[in-house]
Amino acid sequence: VQVLNAMSLHGHVAASWPHSSIVAANTLDALLEHWRSVGLPDYVQFDNDTRFQGPHNFPNTLGRVVRLCLSLKVIPVFVPPRETGFQAAIESFNGLWQKKVWLRFMPASLAALRKHSRNYIEASRTKFAAQMQTAPLRRAFPNAWKLNYQAEPKGHMVYLRRTDDQGRLEVLGHSLLADSHWVHRLVRADIDFQAQKIRLFALRRSEPNQQPLLSEHPYIFPKRRFREASSRATD
């Protein structure tokens with residue numbers, strides 16, 4: 001059994017999807033179900049698993065989950081590998097879910113697990129209903145929307161990364177110089193598909209709202225057909 005969990009930054013909106021395995025396809029289904037129910041956020045944060053990001057073995061590769069987000073004008077954000085703190089909210093919820101669902105009921109089947117998990121999520125949303133009401137408004141899910149994997153990516157995508165000893169970092173398979181003096185430091189890499197630029201901003205945990213521009217790089221996403229069949233096996 002694998003479980004995909006979600007937790008909002010504002011309002012404590014929880015969600016959970018137990019499956020025999022988590023792949024890109026049921027991740028897409030989960031996101032669509034969730035966003036149709038509660039509305040679209042401005043951005044969504046993931047870890048760097050290929051099921052979310054897409055394959056890592058070729059440059060300029062966007063998986064199906066990223067393309068879904070971009071098509072709905074939701075900014076996908078990928079946290080730094082092996083960095084603590086960035087996933088604190090979801091890691092805390094993962095532990096709570098295991099304690100309240102998995103360890104409490106020890107379900108004998110996937111169907112039973114889904115039932116207990118659904119009951120727990122409903123109870124959680126009832127408990128935090130007041131907080132959910134005070135959270136920032138979300139955008140309504142568009143009625144006429146249809147996912148087109150072949151559409152040219154638009155909008156923004158963000159990687160949070162740490163530079164190496166030369167002040168460089170890797171984004172979508174490209175090694176980019178942030179600043180030779182900004183070594184072993186955090187950077188926000190903002191990929192702007194329409195402006196065809198990657199902008200690198202300094203990040204400080206002590207001053208998260210201060211993010212000065214370090215460097216800017218031209219970037220043109222290659223026009224090529226998205227191979228849906230192969231992506232099912234790789235992302």
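1. Let's start with a helix pair: H4 passes H5 in a right-handed crossing (a crossing is right-handed if the near helix is turned clockwise from the far one by less than a right angle, left-handed if anticlockwise). The residues that make the contact are Phe93, Leu96, Trp97, Lys100, Val101, Trp102 and Phe105 of H4, together with Leu113, His116, Ser117, Tyr120 and Ile121 of H5 (contact means heavy atoms within 4.5 Å). Sorted by class, that contact of H4 with H5 has nine nonpolar, two polar and one charged residues. Here Ala, Val, Leu, Ile, Met, Phe, Trp, Tyr, Cys and Pro count as nonpolar, Asp, Glu, Lys and Arg as charged, and the others, Gly among them, as polar.

2. A word on what you're looking at: this is a predicted model, where local features need pLDDT of at least 70 and side-chain atom pairs count only at pLDDT 80 or more, while totals for chains, interfaces and linings use all residues. Residues are numbered from 1 along each chain as its sequence is written, and side-chain values use heavy atoms, with hydrogens and water left out. Helices (H or I, at least four residues) and strands (E, at least two) are DSSP runs, numbered from the N terminus.

3. Back to the geometry of that pair. H4 covers residues 88–105 and H5 residues 110–127; they pack at an angle of about 130°, with their axes 10 Å apart. Axes are lines fitted to C-alpha atoms, for helices over the stretch in contact, and angles run from 0 to 180 degrees between N-to-C directions. H4 and H5 are therefore oblique to each other (under 35 degrees is roughly parallel, over 145 roughly antiparallel, 65 to 115 roughly perpendicular, and the rest oblique).

4. Now the rings. Rings of Phe, Tyr and Trp (its six-membered ring) pair if their centres lie within 6.5 Å; planes under 30 degrees apart are stacked, over 60 edge-to-face, and the rest tilted. By this rule there are seven aromatic pairs. Among them, Phe93 and Tyr120 are stacked, at 6.4 Å centre to centre with 20° between the planes. Phe93 sits in helix H4 and Tyr120 in helix H5, so this pair ties together parts that are 27 residues apart in sequence.

5. H1 (residues 24–38) and H3 pack at an angle of about 25°, with their axes 9 Å apart. That makes H1 roughly parallel to H3. The crossing of H1 past H3 is right-handed. On the H1 side, Ala24, Ala25, Thr27, Leu28, Leu31, Leu32 and Trp35 meet Arg64, Val65, Leu68 and Cys69 in H3. By class, this contact has nine nonpolar, one polar and one charged residues.

6. Next, the open sheet: six strands in the order E3-E4-E5-E8-E9-E10, with mixed pairing (two strands pair if DSSP finds at least two bridges between them). At the edges are E3 (43–46) and E10 (213–218), each pairing on one side only. Neighbouring strands of the sheet are turned by 20° against each other on average, direction ignored. Inside the order, E5 (residues 156–162) and E8 (residues 186–192) run antiparallel, joined by seven bridges; Arg161 has Val187 as its bridge partner in E8. Helix H3 (residues 64–71) lies across E3, E4 (75–78) and E5, running at about 140° to E4.

7. Finally, two hairpins. E1 (residues 2–7) and E2 (residues 14–19) pair antiparallel over six bridges, with Ala6 opposite Ala15 in E2. Six residues lie between these strands, and Gly11 in the turn has a positive phi of about 90°. E6 (residues 168–171) and E7 (residues 174–177) are also antiparallel, over four bridges, and Arg168 stands opposite Leu177 in E7. This hairpin has two residues between the strands, and Leu172 takes a positive phi near 50°.
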